[in-house]
Amino acid sequence: MIRPKRLPMIATASLALAALGAPITANAQSDTELYVAGLTYDIAFFERVTVGSIELTPFGIVRDQRCADARFCYRPEDMRVSVVMHDREYPYEVVLFLGRPVEVDGGYLILHDPGTRPRDRGALQLTEYALDIEFIPAPPRDRRSQRAELPRP
């Protein structure tokens, strides 16, 4: 019996987006073009949006370990969201962490708020999330000798 090959995560996401009618064409960003900062509110899953000068599509929850009642929670709140980036020739996946900057081409992305609160029991539906994501551009390469400073959450 011949087993079918498993597709990489980005290929699976691209196929899912194509099935939903989302355009899969990528926008190439030139090295000389400056990235623009921006904060976008209430982003739904599978919605292609522009955050600053970056185009992305959130497509899944990797982890949501937020506590509904802080009195009984002894771990730090942890939430991770996968997004497809559209600023290269081919789309690629990036995992965003709640409240922490993640380095991407041209700067940093920060997931500020998932738009919903955790529940005592049960999972949240993807339709309940309204993500707030910010893009902070890094200085142009000709103006920096080292890596850019990470923004403070």
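Aspartate 78 counts as buried, at 14% relative accessibility; buried here means under 20% relative accessible area, exposed means over 50%, and partly exposed is anything in between, with a 1.4 Å probe and protein chains only. This is a predicted model, so local features need pLDDT of at least 70 and side-chain atom pairs count only at pLDDT 80 or more, while totals for chains, interfaces and linings use all residues. Residues are numbered from 1 along each chain as its sequence is written, and side-chain values use heavy atoms, with hydrogens and water left out.

What does aspartate 78 pair with? Its salt-bridge partner is arginine 63, with the closest N and O atoms 2.9 Å apart. Arginine 63 sits in strand 3 and aspartate 78 in the loop between strand 3 and strand 4, so the pair ties together parts that are 15 residues apart in sequence.

The structure holds four salt bridges. One of them joins glutamate 55 to arginine 48, with 2.8 Å between the closest N and O atoms. Both ends are partly exposed: glutamate 55 has a relative accessible area of 21%, and arginine 48 comes in at 22%. Another brings together the side chains of arginine 117 and aspartate 113, at 3.2 Å from N to O. In that pair arginine 117 is exposed at 52%, whereas aspartate 113 is partly exposed at 22%. As a general point, side chains of opposite charge can pair when their charged atoms come close.

Now for the overall layout. The protein has one helix and eight strands, where helices (H or I, at least four residues) and strands (E, at least two) are DSSP runs numbered from the N terminus. Read from the N terminus on, the elements go α-β-β-β-β-β-β-β-β. Of the 153 residues, 36% count as buried. The accessible surface comes to about 10,100 Å², and carbon and sulfur atoms own 52% of that; these areas come from the Shrake-Rupley method with a 1.4 Å probe, and for residues only the protein chains shown count as cover. If you look at contacts (heavy atoms within 4.5 Å) between residues at least 6 apart in sequence, 52% join residues at least 24 apart.

Four strands form an open sheet in the order 1-8-7-6, with antiparallel pairing; two strands pair if DSSP finds at least two bridges between them. Strand 1 (38-43) and strand 6 are the edge strands, each pairing on one side only. Strand 1 is joined to strand 8 by four bridges, and the two run antiparallel. Glycine 38, for instance, has phenylalanine 135 in strand 8 as its bridge partner. Phenylalanine 135 is buried, at 0% relative accessibility. The C-alpha atoms of phenylalanine 135 and serine 53 are separated by 7.9 Å, although the two residues are 82 apart along the chain.

Glycine 38 also turns up in the surroundings of another glycine. Glycine 52 lies in the loop between strand 2 and strand 3 and is partly exposed, with a relative accessible area of 26%. Leaving aside neighbours within four places in sequence, glycine 52 is in contact with Val36, Ala37 and Gly38. From glycine 52 to valine 36 it is 16 residues in sequence and 5.0 Å in space, C-alpha to C-alpha.

Which residues have the most contacts inside the largest nonpolar core? They are Leu56, Met85, Leu109 and Ile133, in a core of 24 residues. A nonpolar core is a set of buried Ala, Val, Leu, Ile, Met, Phe, Trp, Tyr and Cys residues joined through side-chain atoms within 4.5 Å. Among the strands that each supply at least two residues of this core are strand 3 (54-64), strand 4 (79-85), strand 7 (107-113) and strand 8 (131-137). Leucine 56 touches Met85, Leu109 and Ile133, and its other contacts include Val49, Val51, Val83 and Val84, not counting residues up to four places away in sequence.
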